[in-house]
Amino acid sequence: MRPLFLTFTFAAGTALLVAGALAGGSPPPDPAAGASPAGVPPIDLTDPARISAGKSRFDSTCAAFCHGHAPPLFVGRQDLLPEYAFRMISDGGGSATPMPPWEDVFTKEEIWELVAYLKFLGTQKPE
């Protein structure tokens with residue numbers, strides 16, 4: 001009786017994993033995405049110079065092509081994890097969103113500056 005229970009449990013767990021993978025959607029945040037070994041972003045995300053550089057890059061690429069300036073998607077958003085934002089910019093949205101990958105366009109430092117700007121937008125009040 002016990003081996004049958006274990007077999008059923010294994011099969012059910014595997015089915016759930018496969019179903020979740022086939023369902024698509026946004027992958028869970030990867031805490032190690034582009035961060036230092038301690039999971040801390042390699043730049044100060046509150047540095048005004050980094051935020052300004054990220055804003056400039058955002059305005060000339062992200063805003064111009066897709067998001068618009070100061071998009072509601074980011075303004076006032078407090079739950080955006082830096083590592084998740086880094087990975088989404090770097091790798092794109094996969095099948096979950098039409099976001100293209102930018103890792104071949106921007107350096108890791110430039111992507112972190114974009115993240116700094118997005119985090120700054122999260123501190124702003126929505127209109």
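Visitor: Which residue forms a salt bridge with arginine 57?

Guide: In this predicted model, the partner of arginine 57 is glutamate 113, and their closest N and O atoms are 3.1 Å apart.

Visitor: Is arginine 57 buried or exposed?

Guide: Arginine 57 is buried, because its relative accessible area is 16% and the cut-off for buried is under 20%.

Visitor: And glutamate 113, what does it count as at 8% relative accessibility?

Guide: Glutamate 113 counts as buried as well at that value of 8%.

Visitor: How far apart are the closest N and O atoms of glutamate 113 and arginine 50?

Guide: They are 3.1 Å apart, and glutamate 113 forms a salt bridge with arginine 50. Arginine 50 is in helix H2 and glutamate 113 in helix H4, so the pair joins parts 63 residues apart in sequence.

Visitor: Which residues are linked in a network of salt bridges?

Guide: The network links Arg50, Arg57, Glu109, Glu110 and Glu113. For the structure as a whole, the number of salt bridges is seven.

Visitor: Turning to the helices, at what angle do the axes of H2 and H4 cross?

Guide: The axes of helix H2, residues 48-67, and helix H4, residues 108-122, cross at roughly 95° and come within 7 Å. Because of that angle, H2 is roughly perpendicular to H4.

Visitor: Which residues make the contact?

Guide: From H2, the contact includes Arg50, Ile51, Ala53, Phe58 and Cys62. From H4, the residues include Glu113, Leu114, Ala116, Tyr117 and Phe120.

Visitor: How many residues of each class are in the contact of H2 with H4?

Guide: Nine are nonpolar, one is polar and six are charged.

Visitor: What does lysine 55 count as in terms of accessibility?

Guide: Lysine 55 counts as partly exposed, at 37% relative accessibility.

Key. Residues are numbered from 1 along each chain as its sequence is written. This is a predicted model: local features need pLDDT of at least 70, side-chain atom pairs count only at pLDDT 80 or more; totals for chains, interfaces and linings use all residues. Side-chain values use heavy atoms; hydrogens and water are left out. Axes are lines fitted to C-alpha atoms, for helices over the stretch in contact, and angles run from 0 to 180 degrees between N-to-C directions. Helices (H or I, at least four residues) and strands (E, at least two) are DSSP runs, numbered from the N terminus. Angles under 35 degrees count as roughly parallel, over 145 as roughly antiparallel, 65 to 115 as roughly perpendicular and the rest as oblique. Contact means heavy atoms within 4.5 Å. Ala, Val, Leu, Ile, Met, Phe, Trp, Tyr, Cys and Pro count as nonpolar, Asp, Glu, Lys and Arg as charged, and the others, Gly among them, as polar. A salt bridge is a side-chain nitrogen of Lys or Arg within 4 Å of a carboxyl oxygen of Asp or Glu. Buried means under 20% relative accessible area, exposed over 50%, partly exposed in between (1.4 Å probe, protein chains only).
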